[in-house]
Structure formats: C-alpha cells, structure tokens
Amino acid sequence: MEPQPTPAPGTSATTAIETVFRLEFPRLIAAVTRIVRDVGIAEELAQDALVAALERWPREGVPDNPGAWLTAVARRRAVDLVRRRENYARKLQEIGRSLETTAPAQEPADPGDIDDDLLRLVFTACHPVLSAEARTALTLRLLGGLTTAEIARAFLTPERTIAQRIVRAKRTLATRNVAFEVPYGPDREARLGSVLDVIYLIFNEGYAATAGDDWLRPGLCEDALRLARLLSGLMPKEPEVHGLTSLLEFQASRTAARTGPNGEPVLLEDQNRRRWNRMLIARGITALARADAASPKLSASLEQGGPPSGAPGPYVLQAAIAACHALAYTYEETDWRRIATLYGLLAVQSPSPVVELNRAVAVSMVDGPASALGIVDTLAAEPVLRDYHLLPSVRGDLLRRLGRTEEARTEFERAASLARNVRERGLLLARAEECRFPGGPPDSPHS
C-alpha cells in the first residue's frame, strides 16, 4: 500500500519532486532492475514514477516517505511489465511471487552481506562487456543520478560522446543478458578496478559539484562512502579497496569546513580545522592501516618514497596524501615534501596531466612557486586540460605568489569562465578581484 500523502504547506511540490527524485534515483533504478533485469527499462520505469509524482503530488501533497512512494509505483509497474511479457511464467518463477507485496529490501546490517541492490547495480554497470569509459559513465548516470552534462564535465569529454556511451552501454547489457549480481572469484577481482573508479567519481561529484548552485552534494558523498565501506567488508584482503575507503573518509572529514555561512567554498588553507570530523579521520587512519596490513610492500614504499616497482596502488597513495593533510593541525604543519614524493609515485602508477598538476602544487610548497610554474606551463599544451578550469586556477595562484598580480588576475578570470559551478565561479572571480586591488579596494578601510 502506498504511503498516505500529507500536505506540505509553503513548499513547492515540483521542487520537492525534483529533489527527492535526484536523491532516490539510484535506489529506484536498483530496486526495479532486480525485477526487470534491464537497466534501460528500469530507468524508463523510474521516469514513469516521476511522471506519476508530478501528476499527483501537486494535488495531494508530498508523501511522508516520498522515496518509498516512488519505489512502490516503479516496482508495481515493473511487475505489470513482467506480467505482460510472453515469458511471464518463467520470469515470475525466477524473481519469486512475493515481489508484488514485499517492501523494498532494507540495507543489510552486516557490511559483508552482498544482498545490496546498489552494489549489484555498480557491478552490473561495470561489466567487462562494456568499455572502461562506458562502465563509469553508465554507473554515474544510474547510481549517481548525474546528468549527461555533469558526467561529460567529470570526464572532460564532449556531452554527445557521453550520451552515446550510455545508450550503447544499456543496449549492450540488454543484448548480452548480463546478470544483475555481485560476481564471485576471479571475475570480481578483475572488475574491481572499474568499480573503485566509479565510486571515486561519484564521491568527487558530491565533494565538488561540477555544476549547479551548490558546492557540495552530500548525498553523493554518503552513497560513495557507504559503497566503499561495503566493499571493504567484501574484500578485506584487497589493499586498494581499503585505500579508497581511507581516502574518502579523510576527504569527507573536511566537509563541514569546506563551505562558509552562505555556502561559498573555503580554500584548504583557510579552513577551520577544529570543524574537521575527527571520527572520520580516525576511520581513515584505520582503513589506511588495513591497506598496509594487506600489502607487505606498502609501509616501505611510503616511508622511502619508492622504488616505483614496489609502490602501492593509486588509491592507497592518494589516501596517504590525504592523511598528510588530515594529520596536520594547521596548514603550516602540512608535510608538503612527503606529499610531493607521494605524488611522484602516483605519477608513475597512474600518469595523467591532472596528477601532474596536483604534484606541481605540492612542489610549489616545497621549492617555491617559480619551480612549479614551469611544470604548469608544460601542462598547458595538454589537450585534455584545455577546458579544465583548475589549470588556470593553479597557474593564477602561482603567479599571485610571485607578485605577478595582473597575470594572475587574467588566469583567475579565465578559470571562472570555465567553471560550471556557481559557487566555484564566484570564488575564482573574488580571487581575480583581489589581484586587481592587492591591498583592498581603494575606498575600503584597511583592518
């Protein structure tokens, strides 16, 4: 039975629908996919549930449990669809007769319990019949609820390309009859890397939204962190799983300090570290220790900075970098030399222009901005960074520190023009304005 709707005085039903649908979209897709065994059809049924909400909620009010309402409608339509199929009897036997009356599956209490539709959805979308790019794009769409434009921004890839990947991926999964399940044995190990990448990208979209009015989308961070923790329980001997979990714990610990009173971004050096979540930092340390225990080469590699052949995986390295920030009680206490060394190892393990850009920031804190500027200028020729707003942002900061404020202002303005997030664009324009008047606006009193 559907939850009885209750009026929501003073609240826009349409806005509520959009918000709820965005938050519940991954769980809705996962619940329906379990029934129809086709992510493309599941997405269509989820959209049908949205249409039903748009028709009914403005008249009847937003339900007490809007997520459950949407799920009930989508599941009922999924069962109706199965009934209409010619092979209804066989399908109904496979899925069980209880689906029509049972409530959506509850989240497992034991993190080792793989009866989790969201996790099944991740592994299904990351099936090896799909290309690596298609796996990540599809899961970001289905699990993260991201739009095609947002995924394109995360990938630094044209929107049309992403749209084509998603359509082809759903078609491939359907025609190849890919099972909706968590794989076991060697198959699960082989598909793990893509799953970790997907979870990380979902977290990043919540941690620093590529577009929109909000700098943070905490729901995405929570979903990604939950899945990372769940994977840690499933694969306790895999250091990269613990590495990713550690990285996300450390990153999530800073959430409360990353925005100001009006939602504006706060730079790392300006954050109030007393607002950092020490419980999450402790969890990050524990997860990093588990990664260390799962890999005999990890401790030596982190302490000695090499050799590259014995270095841990990319997520463990990134977790170690995040730990350097988390363990510093002030910005000045940050061990930038260690961070620069770790980024050097990461550049060997997972070479990319973005990793090199991050290494340049660490180098600037160790050897000065002039040394880092040479690295950044070399990266300017990289096609993948052509529209990447953080490249001119980093360059602007280096020029500002060198006293070249006019050049810095130009770079910050260019970064702002490339930024899609309203909050981030505002921060970059403010930094550009600071370069115009380094001592403050002419008519402003100095404090």
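The following paragraphs describe a predicted model, from its overall fold to particular residues and the pairs they form. Local features are reported only at pLDDT of at least 70 and side-chain atom pairs only at pLDDT 80 or more, whereas totals for chains, interfaces and linings use all residues. Residues are numbered from 1 along each chain as its sequence is written, and side-chain values use heavy atoms, with hydrogens and water left out.

The secondary structure of the protein consists of 20 helices and zero strands. Helices (H or I, at least four residues) and strands (E, at least two) are DSSP runs numbered from the N terminus. Of the 447 residues, 50% count as buried; buried means under 20% relative accessible area, exposed means over 50%, and partly exposed lies in between, with a 1.4 Å probe and protein chains only. The accessible surface comes to about 21200 Å², and 51% of that area belongs to carbon and sulfur atoms. These areas come from the Shrake-Rupley method with a 1.4 Å probe, and for residues only the protein chains shown count as cover. Contact means heavy atoms within 4.5 Å. Among contacts between residues at least 6 apart in sequence, 66% join residues at least 24 apart.

Threonine 33 belongs to helix 1 (residues 13–36) and is buried, with a relative accessible area of 1%. Beyond its neighbours within four places in sequence, threonine 33 contacts Asp38, Val39, Ala42, Leu121 and Phe180. The phi angle of arginine 37 is near 60°, a positive value in a residue other than glycine, and its relative accessibility of 37% makes arginine 37 partly exposed. A positive phi also occurs at asparagine 177, where the angle is near 55°. Asparagine 177 sits in the loop between helix 8 (159–175) and helix 9 (185–207), and this residue counts as exposed, at 66% relative accessibility.

Charge pairing is the next topic. Side chains of opposite charge can pair when their charged atoms come close. In this model 19 salt bridges are found, a salt bridge being a side-chain nitrogen of Lys or Arg within 4 Å of a carboxyl oxygen of Asp or Glu. One of them joins arginine 141 to glutamate 43, with the closest N and O atoms 2.9 Å apart. This pair links distant parts of the chain, since arginine 141 lies in helix 6 (residues 132–142) and glutamate 43 in helix 2 (residues 39–60), 98 residues apart. Both arginine 141 and glutamate 43 are buried.

Glutamate 407 pairs with arginine 404 at an N to O distance of 2.8 Å. Both partners are partly exposed: glutamate 407 has 35% relative accessibility, and arginine 404 has 33%. Glutamate 413 and arginine 409 form another salt bridge, at 3.0 Å from N to O. Because these two residues are four apart in helix 19 (residues 405–418), about one helical turn separates glutamate 413 from arginine 409. Glutamate 413 is partly exposed at 30%, whereas arginine 409 is buried at 14%. Salt bridges with shared partners join Glu406, Arg409, Glu413, Glu433 and Arg436 into one network.

Glutamate 269 lies in the loop between helix 11 (239–252) and helix 12 (278–294) and is partly exposed, at 41%. Glutamate 332 lies in the loop between helix 14 (314–326) and helix 15 (336–349) and is exposed, at 66%. Glutamate 332 and glutamate 269 are 63 residues apart in sequence, and their C-alpha atoms are 8.5 Å apart in space.

Another pairing across the sequence involves glycine 426, in helix 20 (residues 422–436). Glycine 426 is partly exposed, at 38% relative accessibility. Its C-alpha atom is separated by 8.0 Å from that of glutamate 264, 162 residues apart along the chain.
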